[in-house]
Amino acid sequence: MKNSNLKIRIIGSPGSGKTYASNILSKELNIKTTDLDNIFWNTSSTGNRVKNDYINRESRLNSILLNNSWVIEGVYINPWTFPTFSEADYILVIKTNKWTQYYRLFKRFFIRKFINYRPKETLKDFKNLISWSFQYQKDLDNFIYGSSYSSKIIIIKTSKDLNDFLKLFN
């Protein structure tokens with residue numbers, strides 16, 4: 001199915017399934033997907049991650065927003081990402097059970113430990129991510145219930161919810 005003018009922003013906590021959902025939508029709707037981590041971070045040849053500067057992030061994001069269709073996913077609710085919300089036709093908020101999220105993060109951490117993933121993640125990094133994720137969920141709820149985008153927001157809790165969303169475009 002081809003959708004020539006469809007813009008979807010996906011947001012959710014780490015481990016919620018944003019990347020999974022964006023890949024499904026990209027495949028089913030034939031729309032290119034962008035992970036905001038790839039814009040926010042610059043990964044050097046040594047595998048170290050350094051934040052891209054604001055101008056670089058904004059420039060790269062603006063070039064994506066010029067397209068007629070896109071799927072953009074990421075945790076970011078920051079001024080540099082506000083245009084992704086205002087220009088989106090739909091904002092999908094992935095709200096997975098917290099224990100499922102923590103399991104996925106734990107699994108991701110251990111898989112990355114064994115595949116020589118760069119950048120290296122430490123147990124301290126993992127612990128910080130879990131703590132940050134807990135606070136982020138509160139920030140996400142504030143965004144959902146306090147934003148001016150309520151007419152665009154669709155809550156996705158299960159694969160069935162994602163499939164139901166896709167049925168809008170059949």
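Visitor: Which residues of H5 meet H6?
Guide: Contact means heavy atoms within 4.5 Å. By that rule Gln 101, Tyr 102, Leu 105, Phe 106 and Phe 109 in H5 meet Leu 123, Phe 126, Leu 129, Ile 130, Ser 133, Phe 134 and Gln 137 in H6. This is a predicted model, where local features need pLDDT of at least 70, side-chain atom pairs count only at pLDDT 80 or more, and totals for chains, interfaces and linings use all residues. Residues are numbered from 1 along each chain as its sequence is written, and side-chain values use heavy atoms, with hydrogens and water left out.

Visitor: At what angle do the axes of H5 and H6 cross?
Guide: Two packed helices are described by the angle between their axes and the distance between the axes. Helix H5 (residues 98-114) and helix H6 (residues 123-146) have axes that come within 11 Å and cross at roughly 155 degrees. H5 is therefore roughly antiparallel to H6 (angles over 145 degrees, on a scale from 0 to 180).

Visitor: How many salt bridges does a search of the whole structure find?
Guide: A salt bridge is a side-chain nitrogen of Lys or Arg within 4 Å of a carboxyl oxygen of Asp or Glu. The search finds three. One of them joins Asp 141 and Lys 95, at 2.5 Å from N to O. Asp 141 lies in H6 and Lys 95 in the loop between strand E6 (90-94) and H5, so the pair ties together parts 46 residues apart in sequence.

Visitor: Which residues form a network?
Guide: Lys 160 bridges to Asp 164 at 2.8 Å, and Asp 164 to Lys 167 at 3.7 Å. Salt bridges with shared partners join Lys 160, Asp 164 and Lys 167 into one network.

Definitions and conventions
Helix = DSSP H or I, 4+ residues; strand = E, 2+ residues; numbered from the N terminus. Parallel < 35°, antiparallel > 145°, perpendicular 65-115°, else oblique.
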